[in-house]
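Biologist: Could you take me through some of the terms used for this structure?

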Amino acid sequence: MENDNTIPQEKKRPIYLTVLCVIAFIHVGMSILMGLVGTIMSPELGWFETSGMFGLFTEGMSHLLGLFWSVVILLLSIIAFFGIIQIWNMMRIGVLVFSIPLFLTIIIPLILMGGGWWILIPNIIILFFLIFLFALNYERLK
């Protein structure tokens, strides 16, 4: 008699997708940290007289866009983080949940900053690279 165990096998995450997720976790985690620190250190709130070392990371964006941008980047980064968790669990919806907020983090500053958009070029390159590579692996997800 044949053993009729037809339990569906879970898809194993390929190594390169694991590495890609770790890179995305680091990048989005830094964005969450910068959004949080930018919100706390925002000149509009006036909670801190001097921003100290955190000012090196948040001063440029907070002076250009202020509290609004810090809160927006924080919220969009948290949503993108949940997208990475879904990709980590091999779910296709994670690609959209990751890509849409990160695409908005590129578009919103370009609209609001006017001529100072060139400082975002490294971030734009990294985000498009991550979005493109996750989109290439879309079919491997369930």
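Modeller: Happy to! This is a predicted model, where local features need pLDDT of at least 70 and side-chain atom pairs count only at pLDDT 80 or more, while totals for chains, interfaces and linings use all residues. Residues are numbered from 1 along each chain as its sequence is written, and side-chain values use heavy atoms, leaving out hydrogens and water.

Biologist: Why is the pair of Phe98 and Phe134 called edge-to-face?

Modeller: Rings of Phe, Tyr and Trp (its six-membered ring) pair if their centres lie within 6.5 Å; planes under 30 degrees apart are stacked, over 60 edge-to-face, and the rest tilted. Here the centres are 5.0 Å apart and the planes stand at 80°, so Phe98 and Phe134 are edge-to-face.

Biologist: What makes this pair a tie between parts apart in sequence?

Modeller: Phe98 belongs to helix α3 and Phe134 to helix α4 (residues 121–136), so the pair ties together parts 36 residues apart in sequence. Helices here are DSSP runs of H or I, at least four residues, numbered from the N terminus.

Biologist: How do you know that Met90 is buried?

Modeller: Buried means under 20% relative accessible area, exposed over 50%, and partly exposed in between (1.4 Å probe, protein chains only). Met90 has 3%, so Met90 is buried. Met90 sits in the loop between α2 (55–88) and α3 (93–113).

Biologist: What makes Arg13 count as lying over the face of Trp88?

Modeller: The rule asks for NZ of Lys or CZ of Arg within 6 Å of the ring centre and within 35 degrees of the ring normal. Arg13 meets it, at 3.8 Å from the ring centre of Trp88.

Note on methods
Helices (H or I, at least four residues) and strands (E, at least two) are DSSP runs, numbered from the N terminus.
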